[in-house]
Amino acid sequence: MKYDFRFPQRNLRWGLFRVPNDRITSADSPGPDMLAGKYSRGTARRVTSLAPKKLARTRTLILILGTLGLNFAGQGCHPQKSGPGPSIEFTHIPPAAQGGPERVDTISGRVRNARPKQQIVIYAHSGQWWVQPEPDHFIPIRTDSTWSTETHLGFEYAALLVEPDYRALPTTDVAPTQGGSVALVTIVKGVGTPQLAPTGSLKFSGYDWGVRMIASDKGGMTNLYDPENTWTDSSGALHMQIRKKSCSWSCAEIFLNRSLGYGTYSVTVRDTSHLEPAAAFSMFTFDESASEQHFREMDIEVHGRDDAANKSNAQYAVQPFYSPGNLFPFAVPSGTLTYVLRWEPGHAAFKTFRGRSSGAEARLVSEHEFTFAMPGPGQAKLRLIFFVVASDKNPMQKPSEGVVEKFEYLP
C-alpha cells in the first residue's frame, strides 16, 4: 500500500527533532475527546474509529525520521578518526644571541607525519624575525624525516612546516603563525644566557652612549658598522663617517645607554647639502624588545638630494612607515639645522629650525604632528645613525661625513 504523507507548516516536537504534521498536535497519543473536539459531534465516532490507523502510520513515519536523524547526528558528533597530526622537534638549537651577518650556527631537527612536498622554513628572532639563512630559503625534509640548515643567531628560533606554494616574508615584526600554507609552527628559545652583541662606548653632550659594532640592514641593505667611524673632537662635536672597509661600506651608529622616556629630544647638525643621495642621517627612537609595537620607532631622517625635481630630501616618520599618514616628507635647506622631537602621551610633534636653536626666535623650516595611537616609550632609546641606503639609481660613490654639534633632552 502506498502512503501519501503531506508536510504542512505546523511542527510536532518528537524528542530532539521536529516533524511536520497537520493532524497531530502532541507527541502523546490523542484520545477520542481530543479528536471529537476538532470535528462535529455527528462525525466524532467515525473519526475515532479511523484515528488509530492514521496514528499508527504517522508514528511509523516519525520513528523512521527519528532513526535517520539519530544516525546523522551520531555521525556529526563522532568524526572519522584520522592519523596523528604533524610535529616538529629540534635536535640542535643555536645559542640565544643578538644576531648579525657574521654570527652563524647550525639548527636541525626532525618532522613527524609531514605530507609529501612539505618543507621547513626557519626564522630567527633578533629585533625582528628574519628568515634564515636568506630569503626564499626552503629546507627539504630528508627521507629519514630530519632537516638541517645554517642560521644567523637570534634569541628565539621558529621552524615552519610549509606547503610548496608558501612565500616567506624576509622579515616580520611578529612571530610567524599557523594558517594557510603554514601547516605548523614550533618556536624554541636559544640555548644559554642571552648574549648581546659587543658594543663600544662614547661620551657626547654629557650622556653615555653605546657604539654599534655589528652589521645592520637599516636602509634596505646590509651595512657594516665600525666604532672607528665615530668620535668627538675637542669642541665636543660628534663626527660620524661612512667609508669603505673590506670592499663594503662601513657606517656609524650610537645609542643612549638608557631610556629617557617622554620628553623633548633635539640635535643640531651641520650642513648636509653635500651628502650623496645614498647617504642618510637619522635621529630615531628604538626599543629592541618591542617588535609587536614596531619597536616604538619614530624618525627624523635626512638624505642627500637625488635630483632637482624631487624637492623633498627629509622626512618625519612613525613606524610602520607604509601605513597612510605615518610619513611626512619635507625639504631641508643648506646650513646648520636643529631637529626636534617632542614626545608626549598620545602624540609626537616634529620640528626643524634653521641654526643652532629651537627657541622662540628660531626660524621654522618644517613641522608636523602625529596624533594616532602613538606607542608609549617602553624601553625605547634614542639613536643617531649615519648610514647608506639601497639605491640602484644613485649608489654610494665616495666616503662621507656628518657632524652633530650637540644633543639635548628636556623632560
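Modeller: One term to start with: two strands pair if DSSP finds at least two bridges between them. And keep in mind that this is a predicted model.

Biologist: Fine. Which residue in β5 stands opposite His92?

Modeller: Ser108 does.

Biologist: And how many bridges between β3 and β5?

Modeller: Five, in the antiparallel sense, with β5 covering residues 104-112.

Biologist: What is the strand order in that open sheet?

Modeller: The order is β3-β5-β8, three strands with antiparallel pairing.

Biologist: Why is one side of β3 and of β8 left without a neighbour in the sheet?

Modeller: β3 (87-92) and β8 (146-152) stand at the edges and have a single partner strand each, so one side of each has no neighbour there.

Biologist: How many degrees are neighbouring strands turned against each other?

Modeller: On average 30 degrees, ignoring direction.

Biologist: Now Thr146. Which strand does Thr146 lie in?

Modeller: Thr146 lies in β8.

Biologist: Is Thr146 buried or exposed?

Modeller: Buried: the relative accessible area of Thr146 is 13%, and the cut-off for buried is under 20%.

Biologist: What does Thr146 touch?

Modeller: Leaving out residues up to four places away in sequence, Thr146 touches Gly109, Arg110, Pro140 and Ile141. There is also a polar contact of 2.7 Å between the side chains of Thr146 and Asp144.

Biologist: Switching topic to β17. Which strand does β17 form a hairpin with, with five residues between them?

Modeller: That one is β16. Three bridges join β16 (residues 230-232) and β17 (residues 238-245), running antiparallel. Thr232 has Leu238 as its bridge partner in β17.

Biologist: Which residue in that turn has a positive phi?

Modeller: Gly236, at about 95 degrees.

Biologist: And the hairpin of β17 and β18, how many residues between the strands?

Modeller: Two, and Ser246 takes a positive phi near 55 degrees. The β17 and β18 pairing is antiparallel over three bridges, with β18 at residues 248-256. Lys245 stands opposite Ser248 in β18.

Biologist: How many bridges join β17 to β28?

Modeller: Five, again antiparallel, and β28 spans residues 400-410. His239 stands opposite Val403 in β28.

Biologist: Remind me, what do strands of a sheet pair through?

Modeller: Backbone hydrogen bonds, in a parallel or an antiparallel arrangement.

Technical notes:
Residues are numbered from 1 along each chain as its sequence is written. This is a predicted model: local features need pLDDT of at least 70, side-chain atom pairs count only at pLDDT 80 or more; totals for chains, interfaces and linings use all residues. Side-chain values use heavy atoms; hydrogens and water are left out. Helices (H or I, at least four residues) and strands (E, at least two) are DSSP runs, numbered from the N terminus. Axes are lines fitted to C-alpha atoms, for helices over the stretch in contact, and angles run from 0 to 180 degrees between N-to-C directions. Buried means under 20% relative accessible area, exposed over 50%, partly exposed in between (1.4 Å probe, protein chains only). A polar contact is a pair of N or O atoms within 3.5 Å; within protein, one must be able to donate a hydrogen and the other to accept it, and residues adjacent in sequence count only if both atoms are side-chain atoms. Contact means heavy atoms within 4.5 Å.
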